Amino acid sequence: MFRKVFYYVALMIPLLLSGDNTYSSRLSQSTSSQRRIAFRIATIEENKGERRVISLTTVEGAPGTDFDINLQGGRFQMNAHFLTDLIAQDTLKIRTRLDTRRLYGYSERSLPLFEEDNQRETLDMSFDEAIVLFPFGSNGGDDRLKIEITPNWSDEVSLTPAGEQRPLSINIQQPSSGGAVSVHASKTPHRFNVEASLLKDGHEVARGASDCLIEEQRELFLQPTGEASELIENFVVNFSLSSYVKTDPTDEIQIDFDLYRASRQNAREAIASKWSGIASLGSQFTYDLGNTPFGSGKNYQLRFKVNLAAGEKN
Amino acid sequence: MARDNDEFAIIFDEIYPGLCRFLECMLGRHNIAQDIAQETFMRLYRLGPDSLPREQARFWLFRVARNLALNEINKTKTRQNLWQKIAGVSQQNETDPADTLEQQEEVMKLHRLLQTLPTHQRASLLLREQEEMSYREIARVLETSESKVKTDIFRARCALRTKWREFEGRS
Amino acid sequence: MDCEQMERVSQLIDGELTEEEAAAMRAHLAACQICSQGHADFMLLRQEIKAHDFRLKPFAKERGLRDIIATRNPPLWKKRIGIPVPLMAVLLIALVAVALWSVMRLSRRPTGQEASVKRVTTDRHSQDVFNLSRFDHGDRVAIQKIKRVASVNQ
């Protein structure tokens, strides 16, 4: 009998351990997804090797918190917009939009002329890395200005004891002189699910669905459904979502898309190019393709539906 | 101090081109106009940020610029005949090589005609036409009476009108 | 020959008449050829003067502004220092003494322990001017990812 008990225990131990690991890994994942992330934003002046901190701000919030860093001088403006997403346990996806505007001079009629620059960058980073932004380039010479953005796990969790989402916080430890540097933060949903369907005479003939991040370009292949056995072409929707807005009764988001017809040789023919619209979350909206070369003489429509992805909150 | 410099830069951006234009027409010369404009703004900067309300800076600047221009004119004044002096001015007048010949001639003609006016009439007329100041504002800049400004402008117009016709007739 | 109302033509085009006076003047212009011609000539003159523009060379304005603002913060070697000579001598001797002492101290420090940490100064009450233009050389904004060094982020 003791032997049986021993064998039972011997068999159970691995199962118990694996279950425990599974549970703990799930727990750690759920814990990490509930943990807040603090972004330390330091504006630093470097002069002949000496560093001087001009301003220091910490933005803290749940994963998916976005922030803007604005730099404003007499003749120069910069807006750096950061979209942050936790894509793995210790990996952040940072998408930036950098817009600068500089007074260049004056026209013959004494009107101001501005030089503008727009850049977009995407970086994947871990928590042992930092992002450094050089508003005036990195070849500064004796004087150089930079903004260091350092992520850290916060000790606070995202949910209050009552189970509500803790609001994001901006802590200005050191303001800049004259308000030259300012930081703003916001938390809006980043992950969405997009469904697209091709309709002929009101019946669905192809459909596709995909999760995506806001401001991320995605391709959606529409697969023929059972009713469309005669449909041999492949349809592809190339889309991106942007400009999420909280409104009443439902939130809205902008969708920009192109619709292609792809042949077997993978050559693409554009059916609809640079179309866009405003989607209310959870509602369907439809585009009539009758005016396109593909749809002329036929009753084709393209229908979309955008929802928050599973687990995403607004 | 950064805010003071920004404030000064705004005033500089707003007024500098107009001041250069005024001085060029007062002096009949291009490069010296820019030097005097620079000196005028330097004096404002040295006054300090709180010495002058922003709305008064424009009048102050034009007053100082006019005074500096008069100093310059008196320095180079000679006893030559009026038309000989004009001929000398027209030769000294630096023109932008990018301008067409026609544009250069038009500018020179205007400068020549303005140089025939007494300085007080010239200043009043330029402040009226270029800066669109009222008679009251011009009187404030030039530290004189409104009625004198009114008379100076009218006489300047009449004189230029006559000389313009003479010039057109001659050419 | 000029009309005695000609001076009021000049005031009319400058907007210096009252409503009634301006209306009366306009009526007079319709009837008086001399004043009407004068009005046209004055307007043409205005056009000629307004058409004249001062051609600024590129960046002349920016240079001018920079030169003016730089006068408030001249380089150290241009600044005047009004210190009596004996005091200047004492200061100079003290400076040399401090320099010699520092050199002697540095030469005594064991090797391999030089600080590699960049000191970060967070002077909350700094009176220094934070002027963005001194960093601006016209370059594009740049962004990089770097490995963190613990001491840098103190």
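I take two strands as paired if DSSP finds at least two bridges between them. Strands (E, at least two residues) and helices (H or I, at least four) are DSSP runs, numbered from the N terminus.

**Ground rules.** I am working on a predicted model, where local features need pLDDT of at least 70, side-chain atom pairs count only at pLDDT 80 or more, and totals for chains, interfaces and linings use all residues. Residues are numbered from 1 along each chain as its sequence is written, with chains lettered from A and ligands numbered from 1 in the order in which they are written.

**Sheet in chain A.** I traced an open sheet of eight strands, paired antiparallel, in the order β16-β15-β14-β13-β12-β11-β18-β17. β16 (268-280) and β17 (284-288) of chain A each have a single partner strand, so one side of each lacks a neighbour in the sheet. From one strand to the next, the twist averages 25 degrees (axes are lines fitted to C-alpha atoms, and angles run from 0 to 180 degrees between N-to-C directions).

β17(A) runs antiparallel to β18 (residues 300-308) of chain A, joined by five bridges. Y287(A) has L302(A) in β18(A) as its bridge partner.

**Chain C against chain A.** I counted contacts (C-beta atoms, placed from the backbone, within 7 Å). Chain C brings 29 residues and chain A brings 42 residues. On the chain C side, α4 (60-70), β1 (120-121) and β2 (142-147) give two or more residues each. β2(C) has the largest share, six residues. By class I find eleven nonpolar, six polar and twelve charged residues on that side. (Ala, Val, Leu, Ile, Met, Phe, Trp, Tyr, Cys and Pro are nonpolar; Asp, Glu, Lys and Arg are charged; the others, Gly among them, are polar.)

**Chain B against chain C.** Here 29 residues of chain B touch 26 residues of chain C. α1 (2-27), α2 (31-47), α5 (101-115), α6 (119-129) and α8 (146-170) of chain B each supply at least two. α1(B) gives the most, ten residues. The chain B side has 17 nonpolar, four polar and eight charged residues.

**Confidence.** I looked up pLDDT (the predictor's confidence in each residue, from 0 to 100). Chain C has a mean of 77, with 73% of its residues at 70 or more. The model scores ipTM 0.79 and pTM 0.48.

Terms used: Contact = placed C-beta atoms within 7 Å.
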